[in-house]
Amino acid sequence: MLKSRLRTIRVKITFYSTTSKMRPNTANSFLELLFITLLIGSLLLLCPVRAAATNNVNVQSSNTLNKTDQLPVTIYYETLCSDSMVFITHQLYPSWLRHQKEMKLRLVPFGKAWIEEHPNEEPKYHCQHGPRECQLNILHGCILKKLPPKKAFSVVACLMKNFRTSFEQCMEGHESFQTSVVNCSQGQQGAKLFKEFANETDNVHRPLPFVPTIVADEPYDYYEQDDWLQHFDRKFMERYEAKFGVKL
């Protein structure tokens, strides 16, 4: 396009230079040359603008192509459940470390708990492993709420190693969040989170047949739970490849 315009301009310049010899009015010739000069300058200024626009399109396309697809995975667990501890420690956390870019992980600490509610009374919490588990479920919920996702799951994984790990121990390196987490767990925000976890868990199955329960980007399937519990990493990679066509 630019070359054709320049050829046209050359023709015009030749025409004007030839006809100018035939015209006695030098003022008109000067104005014609000035017009041609301005026209060439305008065309040359358009070139870098178009190049810049093309570069912007390429950058946006590159960013879109480099975006990693994530497979949603939700884990419904209990904080004092030995099966939850074994699964998170030996199956989920190692797989997440390998595939955290491809995994959109959500943790829901409620399990087989239930909330007893009566008009004009404070709700009463009942958990499978006693009142202490209800407190820890709410604490985990506040950790997941207050910390950035990667830090939050690292703290939760630390707490789920065994029954003896302490909150203070697992919060090492994240002390700046400690006060907000404690305040959340002891106040209305923690109670609200626990109620949300109850509703979300009930939407899967009430009560859960087994804890932990894994839901990966599709409706809950009771018959696949054993395979997910025992071979989480393999199942995740298979489901990821089936959905996105990418082998991990």
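Cys142 and Cys184 are both buried in the predicted model, where buried denotes under 20% relative accessible area, exposed over 50% and partly exposed the range in between, for a 1.4 Å probe and protein chains only. The two residues are joined by a disulfide with an S to S distance of 2.1 Å, a disulfide being a pair of cysteine sulfur atoms within 2.5 Å. The torsion about the S-S bond of Cys142 and Cys184 is about -75°, so this disulfide is left-handed. The pair links distant parts of the chain, since Cys142 belongs to helix H4 (residues 131-146) and Cys184 to helix H7 (residues 178-185), 42 residues apart. Helices (H or I, at least four residues) and strands (E, at least two) are DSSP runs numbered from the N terminus. Residues are numbered from 1 along each chain as its sequence is written. The model being predicted, local features need pLDDT of at least 70 and side-chain atom pairs count only at pLDDT 80 or more, whereas totals for chains, interfaces and linings use all residues; side-chain values use heavy atoms, with hydrogens and water left out.

Two packed helices are described by the angle between their axes and the distance between the axes. The axes of H4 and H7 come within 8 Å and cross at roughly 135°; axes are lines fitted to C-alpha atoms, for helices over the stretch in contact, and angles run from 0 to 180 degrees between N-to-C directions. H4 and H7 are therefore oblique to each other, given that angles under 35 degrees count as roughly parallel, over 145 as roughly antiparallel, 65 to 115 as roughly perpendicular and the rest as oblique. Their crossing is right-handed; a crossing has this hand if the near helix is turned clockwise from the far one by less than a right angle, and is left-handed if anticlockwise. Ile138, Leu139, Cys142, Ile143 and Lys146 of H4 meet Ser180, Val181, Cys184 and Ser185 of H7, with contact meaning heavy atoms within 4.5 Å. By class, the contact of H4 with H7 comprises 6 nonpolar, 2 polar and 1 charged residues. In this classification Ala, Val, Leu, Ile, Met, Phe, Trp, Tyr, Cys and Pro count as nonpolar, Asp, Glu, Lys and Arg as charged, and the others, Gly among them, as polar.

Cys158 lies in helix H5 (residues 149-159) and Cys170 in helix H6 (residues 167-170), so the pair ties together parts that are 12 residues apart in sequence. Cys158 and Cys170 are both buried. Cys127 and Cys134 form a disulfide with sulfur atoms 2.0 Å apart; with 120° about the S-S bond, their link is right-handed. Cys127 is buried at a relative accessible area of 10%, as is Cys134 at 4%. When the bonded cysteines are numbered in sequence order, the pairing is 1-2, 3-6, 4-5. Cys81 is likewise buried, with a relative accessible area of 5%.

Helix H3 (residues 82-99) packs with H5 at an angle of about 160°, the axes being 11 Å apart. H3 is thus roughly antiparallel to H5, and passes H5 in a left-handed crossing. Ile88, Leu92, Tyr93 and Trp96 of H3 make this contact with Lys150, Phe153, Ser154 and Ala157 of H5. The contact of H3 with H5 contains 6 nonpolar, 1 polar and 1 charged residues.

H3 also packs with helix H10 (residues 232-244), at an angle of about 40° and with axes 9 Å apart, which makes H3 oblique to H10. Phe87, Gln91, Leu92, Ser95, Arg98 and His99 of H3 form the contact with Phe232, Asp233, Phe236 and Met237 of H10. The residues of the contact of H3 with H10 divide into 5 nonpolar, 3 polar and 2 charged.

Overall, the protein has 10 helices and 5 strands, and buried residues make up 34% of its 248 residues. In strand E1 (residues 71-77) lies Thr74, which is buried with a relative accessible area of 15%. Apart from neighbours within four places in sequence, Thr74 is in contact with Arg106, Val108, Glu200, Thr213, Ile214 and Val215.
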